[in-house]
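Trainee: I would like a close look at a single part of this structure, in one connected answer.
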Amino acid sequence: MTAISPAVPKQALPQRYLSGVCQIHSTLTAPEHSRPWVKERNTHSKGSGFIIPGRLIVTNAHCINYASVVKVQAHMSDEKITARVLRINSDCDVAVLTVDDPDFWMMSDPDSEDPSVKIELPAFEFGELPELQDTVRVVGYELLAIFLASSLCLPNISNSIIGFWSSPNTIILL
């Protein structure tokens, strides 16, 4: 799962848009395919997710396949909140999650000096596909930190792209 935005300086991407990116933590227990009645040892997976309208989170299916526990960590938060898997499509490598805890969806208003003022986490909206050779910025989690690539040129747009979300200066390809 990758979020991309037009190539603008890192400081020009407002913090509130980064707040729409979250980290997915999963405890996975895959079956042993040669002996399906036996489970393999638990492993852990981390990935990126993106908030979309309807208090939903889109992530990669491979991050949560065979998950016994899925937790979501909002950007700039140290708390991991239990998430529910609503839909998973392994063929397209896409999954949709939600979090039942209403506090997860709130953040301090970056435009207010009062930390008690809360606003809803921003959701990425459906938008237009970039053109071939457009320069974009990548946003997501690598290891434990959020990363922003300074620029990336799209060499092609494959038929496997099934969705596209955007907010001002931010777009997501699935």
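In what order do the seven strands of the open sheet stand, and is the pairing parallel or antiparallel? Please then look closely at strand 2, and at Ser 26, which is found there.

Mentor: This is a predicted model, in which local features need pLDDT of at least 70 and side-chain atom pairs count only at pLDDT 80 or more, while totals for chains, interfaces and linings use all residues. Residues are numbered from 1 along each chain as its sequence is written, and side-chain values use heavy atoms, with hydrogens and water left out.

The order of the seven strands is 8-7-2-5-6-10-9, and the pairing is antiparallel. Strands here are DSSP runs (E, at least two residues; helices are H or I, at least four), numbered from the N terminus. Two strands pair if DSSP finds at least two bridges between them. From one strand to the next, the twist averages 35°; axes are lines fitted to C-alpha atoms, for helices over the stretch in contact, and angles run from 0 to 180 degrees between N-to-C directions.

Now to strand 2. Strand 2 (residues 21-28) pairs with strand 7 (residues 67-74) over seven bridges, in the antiparallel sense. On that side, Leu 28 is opposite Ala 67, and Ser 26 has Val 70 as its bridge partner. With strand 5 the pairing is also antiparallel, over eight bridges, and there Ile 24 is opposite Gly 47. As background, strands of a sheet pair through backbone hydrogen bonds.

Next, the faces. In a regular strand the side chains alternate between the two faces of the sheet. In strand 2, one side carries Val 21, Gln 23, His 25 and Thr 27, the other Cys 22, Ile 24, Ser 26 and Leu 28, and all of these are buried. Buried means under 20% relative accessible area, exposed over 50%, and partly exposed in between (1.4 Å probe, protein chains only). Because eight of the eight residues are buried, strand 2 is largely enclosed by the rest of the structure.

Ser 26 counts as buried because its relative accessibility is 3%. Its side chain reaches the backbone oxygen of Cys 63 at 3.0 Å. Apart from neighbours within four places in sequence, Ser 26 is in contact (heavy atoms within 4.5 Å) with residues including Thr 43, His 44, Ser 45, Ile 64 and Val 69. Cys 63 and the bridge partner Val 70 are also among the contacts of Ser 26.

For contrast, consider the salt bridges, each a side-chain nitrogen of Lys or Arg within 4 Å of a carboxyl oxygen of Asp or Glu. There are three by this rule. Asp 100 and Arg 84 form one, with the closest N and O atoms 2.9 Å apart. Asp 100 is in the loop between strand 10 (94-98) and strand 11 (106-108) and Arg 84 is in strand 9, so the pair ties together parts 16 residues apart in sequence. Asp 100 is exposed at 51% relative accessible area, whereas Arg 84 is partly exposed at 42%. Arg 55 and Glu 120 form another, at 3.1 Å from N to O.

Key: A polar contact is a pair of N or O atoms within 3.5 Å; within protein, one must be able to donate a hydrogen and the other to accept it, and residues adjacent in sequence count only if both atoms are side-chain atoms.
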